[in-house]
Amino acid sequence: MIQTKLATTVASSRVALNVASRRNCLRFMSGGGSSELRKTGLYDFHVARGAKMVPFAGYSMPLSYGDVGQVASHNNVRNNVGLFDVGHMVQHIIRGGSSLKFLEWLTPSSLGSLSAYQSTLSVLLNEQGGIIDDTVICRHPEATWYVVTNAGRRDEDLAWLQARLKEWNESERSMDGKVEHEVLNDWGLIALQGPKAAAHLQRFTDFDLSTITFGKAAYLSIQGVRVHVARGGYTGEDGFEISIPPADTVEITSLIVGTDGAVQLAGLGARDSLRLEAGMCLYGHDLDEQTSPVEAGLSWLIGKDRRASADFIGAQTVLKHLQKGACPRKRIGLIVSGAPAREGAKIIHPDSEEELGTVTSGIPSPTLGKNIAMGYVKNGDWTKSGSKLLVEVRKKVREAVVTKMPFVPTNYFRG
Amino acid sequence: MFTGRLCRAAALSRARISSRPVALPFVRSAYRSIVTTRYTTDHESVVFDTETGVGTISITDYAQSSLGDVVFVELPNVGTTVNQGDQIGAIESVKAASDIYAPVSGIVEEINKELDDKPGLLNKVDDEKGWLCKVKLSNPSEVEGLLTADAYKAHCESEGSS
């Protein structure tokens, strides 16, 4: 369980095991694969600005900056603009004549229907239809794809991609052209997030940002440096993820952050509460290799044509789960009364007292002032929004109402 | 840095609480009120009044600062008998849930009901409304076994530098 002694919480926020909870971090650390923590190109930049650095996904990353608390940092992104270093995430380029077919083998998404510089959330699936990782895939011209995956799954993803790539290139399926895979090691990736992000970023480029709507991307020039800018993020707010060549990362980030205080730096603490309010999953908590995209409530990313062709890895399980009533579990949102329910809390049926499942993420929502949580339950009538369930926190049951996600409405720029 | 400063702040504010009027001259010395403040390595404090035999339990300033914005406090029921080290409640911040352990044994006499509506009182530095509960001690000698302000400060500093 994540409940800890006060001493542990205090100690862990100091030695920085604590992000959303102590267990979260321990699990992420184990995903790093090495005891030596990696650093993004912005490590010194963070330290110079008073960051509290913590181990996360094998990297030393900012939890918070100076005296700015998690709630203040969270609210700043909801109301103004904040900047996150997400350079720990893995950026890939996949290209080659048969790359569309290759990626459609690895994922259930209709990637062929994407236009140039359009992206989609997707999942890498194993043979059992379980999620190896969630990912954002952006189509570029000329059979090229820009793909971002989770830092905490770096080793697993790279091993999977390399093995499948070899298999693909050795088979006849690659006859339209072999597939190449490049990892953009040490490239910077920053996320400028919040309702004032666009107006702020526009100050640094001649490119008309209103031409990039949510889910679209472009290469544009900032101070003579060509950067990849994708509109979206992990907060539910309007914003941009900006990919920067290694040599220019510090300079471009410093330029965007400026010195006038208009952009506040934000860390992992705020990132977790923002994504949970937006109903977004965190791999290792809300998603894992035993969970199908249908169970995870991500059926929308499984393309109609892909259901018909059923030619992606894991299709058998996924198609079975898509049949009415055949999905064994469902991810649900909850609003919990009294104590916040955290990861691991049992979800119980109020009448039968049957244990239906567990909470996978939960926090007191800074925006709503209510305790929000997501978790998995056995499939049944109770997954409908408005259903009343119970959640056990510290051996006491608390009332919980099934609630549609996102908990806080998204604020994307759709043009 | 950060850590040491907070500890010193905590030590100073507690020192102030412990100054209380001493008994009138005609009262026998055995009944004089002596107020002692002690700390645990779990970052709880007890302000023990020998006259009433009651200890007031709080979390330290260092702890509240590390937890951040407190949003919910769970406290034991009045009348509960607790043993030193028993879990008696929990404090929830946006960041994490933390258990509270009884620093001393006894019977819970009073809980701070104001925390139901205003859990943020725990984050108010130097505000005497931020206590958790009052326990009638069954074994007052336990107080002497807890950390002094200096020992607690040293404990915080060793955590901060480790």
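Tutor: Let us begin with a term: helices (H or I, at least four residues) and strands (E, at least two) are DSSP runs, numbered from the N terminus. In this predicted model, chain B has 5 helices and 9 strands, and along the sequence they follow the pattern α-β-β-β-α-β-β-β-β-β-α-β-α-α.

Student: How do you know what confidence the predictor has in chain B?

Tutor: The average pLDDT of chain B is 81, on a scale from 0 to 100, and 77% of its residues score at least 70. Over residues 1-29 of chain B, however, pLDDT stays under 50. Where pLDDT is low, the predicted coordinates should not be read in detail. For the complex, the predictor gives an ipTM of 0.72 and a pTM of 0.87.

Student: Why is A:Ala339 called buried?

Tutor: Buried means under 20% relative accessible area, and A:Ala339 has a value of 0%, so this residue is buried. Its place is in the loop between strand S15 (329-336) and strand S16 (346-348) of chain A. By the same definition, 51% of the 162 residues of chain B count as buried.

Student: What makes B:Phe72 and B:Glu92 contacts of A:Ala339?

Tutor: Contact means heavy atoms within 4.5 Å, and A:Ala339 meets that criterion with B:Phe72 and B:Glu92, as well as with residues of chain A including A:Asn371 and A:Val393. The C-alpha atoms of A:Ala339 and A:Val393 are separated by 7.0 Å, although the two residues are 54 residues apart along the chain.

Notes:
Residues numbered from 1 in each chain as written. Chains lettered and ligands numbered in written order. Predicted model: local features only at pLDDT ≥ 70, side-chain atom pairs only at ≥ 80, totals over all residues. Heavy atoms only, no water. Buried < 20%, exposed > 50% of the residue type's maximum accessible area, 1.4 Å probe, protein only. Lists of a residue's contacts leave out its neighbours within four places in sequence.
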